[in-house]
Amino acid sequence: MALSAADKSAGKSKPSPTDRVGMDPASIRRAFEDHVHYTRGKNLETATAYDRFLALATTVRDRLARSWVKTQRAYYEQDVKRAYYLSAEYLLGRALGNNLMNMGLMDAAREALMDAGTDFEALLDLEPDAGLGNGGLGRLAACFLDSMATMGLPGMGYGIRYEFGIFAQEIVNGYQVERADEWLKFGNPWEIVRPEKIVAVRFGGEVEQHLAGDGRRVSRWVGGKTVLGVPYDTPIAGYGNATVNTLRLWQARASAEFDLALFNDGDYERSVVAKNDSEVISKVLYPNDQNQAGKELRLKQEYFFVACSIADIMRRYMKSHTDFLDLPKRVAIQLNDTHPAIAVAELMRVLVDEKRVPWDEAWAMTAAVFGYTNHTLLVEALERWPVDLFERLLPRHLQIIYELNHRFLRQVQIRWPFDSARLERMSLISEGPEKTVRMAHLAVVGSHSINGVAELHTNLLKRDVLGDFSEMYPERFNNKTNGVTPRRWLALCNPRLSKLITSRIGDGWITNLDRLAELEPLTGDAEFVAAFRAAKRANKEDLANHVRDLLWVSLNPDAIFDVQVKRLHEYKRQLLNALHVVTLWMDARRNPQAAAKNPPRAFLFGAKSAPGYQRAKLIIRLITGVAEVVNSEASQTGIQVAFLPNYRVSLAERIIPAADVSEQISTAGMEASGTGNMKFALNGALTIGTLDGANIEIREAVGPDNFFLFGLTADEVLARRREGYRPRELYDANPRLKDALDLIGSGFFSPEDKGLFRPLVDSLLEDDRYMCLADFDGYVKAQHDVTRAFLDADAWAKKAILNVARVGRFSSDRTINEYARDIWDVKPVKVEL
């Protein structure tokens, strides 16, 4: 094609055959402009910012596509064992910047768009977060997918394509208000729909039984209602290699779009009832299950994505095999918590009923295929489903669970004769006032591996939560401490620190985080320490500007940025943090001369409460009330408070690089692991925390002198409760604590409703389940130690550098390598372009 005179004068060169996937700035610019023109139907003059974002995203996806196809072809041709990760949540965040970085295209794309007259950074900010998760569980799943691809491991994620993800949070008059998260409002440029791989999923119906020709009893699940699962594939690019794995998310669709006869009769609403009933399954992440309809929808969601995924896995396996003898040699399925635990019964149903595999062989295969990751020590968080709900929605699965339970309890009885209490504790069925199916027990019995996610968590699982099972199957239990991907959580979110690190030790740390240990000697290098401090200061200025634009609060970049951002739950103790802020503010008002000698403090909170969790929402209201009062006197006290609404991955990427102090203050024995603690330490924040979750291992790694420890241990918490904990006695004996609680309870922070926070105060005085008052003095002392340490800026920076240098073990690459080696037996595959 000949170039026009205008094109020649604009400096355009003749397109080459490699332009479609060219990686240089000129090729990227041409592809970008082509997508503006041909995909969006615009020219650069009329294209909106969102047109430009979609054009750039599609340009990047084009360059992923070749590797994506090659990766799947390599796995298929080599018939490799694959790891399938089943998770109800994937908190992916934004994909454009991450994909550009992993593909090595960040600088080329920036140059290409600058040449095209487009603000590159502004386009990155336009992308909505893919908020398909609630917190650490979903973010861990996203980190794991990144690590699997980066390490070249044959893996695939399965989940639900929620139309509305975790809600968008607004703060209105101090209260959390939930808005629908319309992340798909303008489409998703990364996904590709695969209608040819639709799966039919049954609910309800009945089970027929008959004798087969060989005399075996065969069950058939018939009738009921069928919903279609439509797969949408998202590419997951590895860093610095040609591997592109797949995240397959299922969307529910009605098997019949609408009833034409009803429509023609003018009954338009009833004509689409069946369609709406089906498609609501993938409508929203975690519907409120406080009512019967919510419970039913939640169970439908879990079975829907599990049934689709098992069918897809079996279809893929059967492409290369004619029997199921090699199933455990080609398939590993990891259950991310109890949400997908019904997969154990579903795989048994498929093998026994559809593939006619004898029961004992099918069970051996099933247990060899599954691994189960537990993420909670809260017994109430271990899912249970009413038997009558199971019987109505999944009748065949209930039969299978009953049979599994019968055989399993016989084994328990043989091992421990006459121990009826143990049988009751270990049964898959709880025989309480409401008969329920214990999903965690199903996952444990049906898996060859059960892992916790931090050393303390695993030990407590084995001792307490699943102690009977650990005694019966000790070889199945193991620990896999969580990790975070260094690509997103340092290289991408903190470019200033990343460039500084790379300038001194090279970029090998991005795929081998243990290389950060090479930074340790640089704590004696004054130039490096100064550059480290400058990077942190610049990050704090950026965050301060964002907070000013968001909240009209002007944070002081010289202040200690003390940050607690995580899901709002009482055991995470945002309330303890707020109680300390009130105490500190009251101290500053009483003694302004002493307060003036301390560095200023900025306390930053970010958290979403579950919509039905009223006490958590009241804690948010307290924090915003405290912020209103404290900020009005910031110039006198040096204390500021900001509650940043709608906490999400992209906001975390702004906050974490700017943090000086990381609040990891959960009640000991309550947090499974935590991954926010790892992200903060990786970015040079010092932790103030309890001996809970992965805090223990972080403190061990960074050194006790670089971690502000306080609080009861998990065993001490249990001992206090056994002895009869009386929190009111602590209140009576501590004037500072009493003054703070009295001020909160008086309505000082809620003048419109004097009794608003009285329930919070009363719960602390009468019960204090999460030991806020027991740990108050220790927490205040640790915060005082923070203040004193921050006064020596160079010494603080050296502590921060040591945190960065010593947290290499908390890479998700290390965690995934342990899963692949110890649980999945999956080996890397090199993809050649």
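What is the volume of the second largest pocket? It is about 1200 Å³. A pocket here is an open set of points on a 1 Å grid over the protein atoms alone, with protein on both sides within 12 Å along at least five of seven lines. Grid points are joined across faces, edges and corners, and a volume is the space filled by probe spheres set on the points.

This is a predicted model, in which local features need pLDDT of at least 70 and side-chain atom pairs count only at pLDDT 80 or more, while totals for chains, interfaces and linings use all residues. Residues are numbered from 1 along each chain as its sequence is written, and side-chain values use heavy atoms, with hydrogens and water left out.

Lining residues have an atom within 4 Å of a point. Several helices each supply at least two residues of this lining, including helix 5 (106–115), helix 21 (486–492), helix 22 (495–505) and helix 23 (526–551). Helices (H or I, at least four residues) and strands (E, at least two) are DSSP runs, numbered from the N terminus. By class, the pocket lining holds 17 nonpolar, 8 polar and 12 charged residues. Ala, Val, Leu, Ile, Met, Phe, Trp, Tyr, Cys and Pro count as nonpolar, Asp, Glu, Lys and Arg as charged, and the others, Gly among them, as polar.

Rolling a probe the size of a water molecule over the atoms shows where empty space is left. A cavity is a set of points where a 1.4 Å probe fits but cannot get out. The structure has 8 cavities of 30 Å³ or more.

The largest cavity holds about 390 Å³ of space. It is lined by 29 residues, and Leu92, Gly93, Arg94, Ala95 and Thr234 lie nearest its centre. Strand 11 gives the most to this lining, with 4 residues. Other elements that each supply at least two include helix 3 (49–78), strand 2 (90–93) and helix 7 (136–150). The lining of the largest cavity divides into 15 nonpolar, 8 polar and 6 charged residues.

The second largest cavity holds about 110 Å³. Of its 13 lining residues, Asp79, Val80, Arg82, Arg316 and Tyr317 are the closest to the centre. Helix 3, strand 1 (82–86) and helix 11 (292–318) give two or more residues each. Helix 11 gives the most, with 3.

Most residues other than glycine have a negative phi. Phi of Asp79 is near 50°, a positive value. Arg573 also has a positive phi, of about 65°. Arg573 lies in the loop between strand 20 (560–565) and helix 24 (574–590). Are these residues buried or exposed? Asp79 is partly exposed, at 25% relative accessible area, whereas Arg573 is buried, at 0%. Buried means under 20%, exposed over 50%, and partly exposed in between (1.4 Å probe, protein chains only).

Strands pair if DSSP finds at least two bridges between them. Strand 16 is joined to strand 17 (residues 436–438) by 2 bridges. Ile429 stands opposite Val437 in strand 17.
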